[in-house]
Amino acid sequence: MADPSLPTHAELYTAFQTEVQDRAPHLTDWTEGSSLDALAGAGAALGDEVAQVVVDRFRDSFFDTAEGDALDALAADRYGADIARKPAAAAVGQVSFSRTDSSTSIILRRDDPIRGTVGGQTVTVTIEN
């Protein structure tokens, strides 16, 4: 998803076009496929990429927003190379099921995965007992 705080491709294209027209008003051929259109389009695409890299690098410099390898690198940078990520561990807990409709029955068997969404995250529960 595009970051709403970054300029859009169209905004970057327009900024390029405005700058060219301010510096050289005699350059007027902005039709699709023209040299000016190609330069403005390429400049806008490059601007998109550069802005996204800057945003990604900025996010990777904070513990709250860094993820994956960037988070590992940030932790090593702040706390030394001896720090290591703990391996994932399965959560253990209780799940309660309730029904609002008693006209159908459901059989839950051991090791049957049950999936649902909690807080926007997909959660899978497996019955073990």
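These are legends for an overall view and several close-ups of a predicted protein model.

A note on conventions: residues are numbered from 1 along each chain as its sequence is written, and side-chain values use heavy atoms, with hydrogens and water left out. Local features need pLDDT of at least 70 and side-chain atom pairs count only at pLDDT 80 or more, while totals for chains, interfaces and linings use all residues.

**View 1**
Helices (H or I, at least four residues) and strands (E, at least two) are DSSP runs, numbered from the N terminus. Along the sequence they follow the pattern α-α-α-β-β. The radius of gyration of the protein chain is 26 Å, well over the 14 Å that the globule rule gives for 129 residues, so the chain is more spread out than a compact globule. Here the radius is taken over C-alpha atoms, and the rule is 2.2 Å times the number of residues to the power 0.38. Along its principal axes, the C-alpha trace spans about 80 × 55 × 20 Å.

**View 2. The surface and charges of the protein chain.**
The accessible surface comes to about 10900 Å², with 55% of it belonging to carbon and sulfur atoms. Areas come from the Shrake-Rupley method with a 1.4 Å probe, and for residues only the protein chains shown count as cover. Of the 129 residues, 13% count as buried; buried means under 20% relative accessible area, exposed over 50%, and partly exposed in between (1.4 Å probe, protein chains only). The chain has 10 positive and 21 negative charges, and their mean positions are 14 Å apart. Lys and Arg count as positive and Asp and Glu as negative, leaving out His and the chain ends; each charge is placed at NZ of Lys, CZ of Arg, CG of Asp or CD of Glu. As for contacts (heavy atoms within 4.5 Å), residues 24 or more positions apart account for 24% of those with a separation of 6 or more.

**View 3. An aromatic cluster of Tyr 13, Phe 16 and Trp 30.**
A search of the whole structure finds four aromatic pairs. Rings of Phe, Tyr and Trp (its six-membered ring) pair if their centres lie within 6.5 Å; planes under 30 degrees apart count as stacked, over 60 as edge-to-face and the rest as tilted. The rings of Phe 16 and Trp 30 have centres 6.4 Å apart and planes at 85°, so this pair is edge-to-face. It links distant parts of the chain, with Phe 16 in helix H1 (residues 9-23) and Trp 30 in the loop between H1 and helix H2 (35-59), 14 residues apart. Phe 16 is partly exposed at 28% relative accessibility, whereas Trp 30 is buried at 13%.

**View 4. The ring pair of Phe 58 and Phe 62.**
These two rings have their centres 5.0 Å apart and their planes at 70°, so they too are edge-to-face. Phe 58 is exposed, with a relative accessible area of 54%. Phe 62 counts as partly exposed at 38%.

**View 5. Ala 44 in helix H2.**
With 1% relative accessibility, Ala 44 counts as buried. Neighbours within four places in sequence aside, Ala 44 is in contact with His 9, Leu 12 and Tyr 13. Phe 16 is 28 residues away in sequence, with 7.7 Å between its C-alpha and that of Ala 44. Also worth a look is Thr 8, in the segment before H1. Thr 8 is partly exposed at 41% relative accessibility.

**View 6. Gly 68 in helix H3 (residues 68-79).**
Gly 68 counts as partly exposed, at 39% relative accessibility. Its C-alpha atom is separated by 9.9 Å from that of Arg 85, 17 residues apart along the chain.

**View 7. Asp 111 and Pro 113, a loop residue and a strand residue.**
Asp 111 is found in the loop between H3 and strand S1 (113-118). Its phi is near 70°, a positive value in a residue other than glycine. Pro 113 lies in strand S1 and is partly exposed, with a relative accessible area of 45%. Not counting residues up to four places away in sequence, Pro 113 touches Thr 124, Val 125 and Thr 126. Pro 113 and Phe 97 are 16 residues apart in sequence, and their C-alpha atoms are 14 Å apart.
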